[in-house]
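This report concerns the salt bridges of a protein chain and the surroundings of their partners. The sequence and structure are shown first.

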Amino acid sequence: MRLSTGDRLFIGINYTLLFVLGFAALYPFWNAAVISFNNGSDTMLGGITFWPRAFTLENYEVVFKDKRLVDGFIISVLRTVSGTVLSIAGTALLAYGMTKRKLIGRKVYMVLCIITMYFSGGLIPSYLLIQQLGLMNSFWVMIVPGIISVWNMIIFRTFFIGIPQGLEESAQIDGSSNWGIFFRIILPLSGPVIATLSLFTAVYHWNDWFAPSIYISNVDLLPIQTKLQQILNSNIMLEQMQNMDSAAQGRLNQMKAVTTKSLSMATMMVATVPILLVYPFVQKYFVKGVLIGSLKE
């Protein structure tokens, strides 16, 4: 089938716009990666665009020799994994309970949940609550407050309602309990929506730097994103370089070409790339999971 001149023009304009938008979105990340692999002293001369002009791995060597940054990376991984597992499990369990018509006060619970989506207590009441719960300056302050997500609960609930009721009735006739039905039937059938919401939750936990900066004062418990936010400030970056552990400081003294900017970009890459590597494994679940969880015929 031959395309008309108008169709070819339309396709050409579409591809041009997509290329421009894609380039505008990807170039900042690419440029940061290039700077992280470039000699810091050379970067200060300017003109670094698409390729490292003076390739080096010294920036990453300093990052991985700094025990505090490595500890922050480990904290971020632990937080992301445990936070995602507990959040998905807790939210899915709440959503399953909300599908039961025999649940007394179900509508009241639903209204209370929805209210929290529009109104919050604010930072000061939240801080006081966290303090009274004894979660201040602990690893669990990054996990417990986010275990239940109302938005994810609604998506789970809509998906669970779409599962044929006959499956649960057959399991009940066979003597299965509600726990057995949930773990042996409901969850195995919820693969797409679980994968999609798990990714969104993992991205939130990995990228969140604000909560730890408010509730945690122990540097050893800060995730790498919070440390990155701090060291991106040039003054704090200078202090960070001066206060590195002995191994990193000794190596840094031998690398006069490492600057605050090049070290910042290397730290940013270390903090960003791991979560990006997760996307290809769950990409196929995106559309299917979100649509199934948000639409009902």
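A salt bridge is counted where a side-chain nitrogen of Lys or Arg lies within 4 Å of a carboxyl oxygen of Asp or Glu. The model is predicted, so local features require pLDDT of at least 70 and side-chain atom pairs pLDDT 80 or more, while totals for chains, interfaces and linings use all residues. Residues are numbered from 1 along each chain as its sequence is written, and side-chain values use heavy atoms, with hydrogens and water left out.

By this criterion the count is 4 salt bridges; the table includes three of these pairs.

| Pair | Closest N and O distance |
|---|---|
| Asp42 and Arg53 | 2.8 Å |
| Asp71 and Lys67 | 2.9 Å |

Helices are DSSP runs of H or I with at least four residues, numbered from the N terminus. Asp71 and Lys67 both belong to helix 4 (residues 67-98), where a spacing of 4 residues separates them by about one helical turn.

Accessibility is classed by relative accessible area: buried is under 20%, exposed over 50%, and partly exposed in between (1.4 Å probe, protein chains only). Lys67 is exposed at 52%.

The salt bridge of Asp42 with Arg53 has its closest N and O atoms 2.8 Å apart. Asp42 lies in helix 2 (residues 40-43) and Arg53 in the loop between helix 2 and helix 3 (58-65), so the pair ties together parts 11 residues apart in sequence. Asp42 is buried at 16%, whereas Arg53 is partly exposed at 44%.

Lys100 is partly exposed at 24%, and Glu168 is buried at 4%.

Note on methods. Helices (H or I, at least four residues) and strands (E, at least two) are DSSP runs, numbered from the N terminus.
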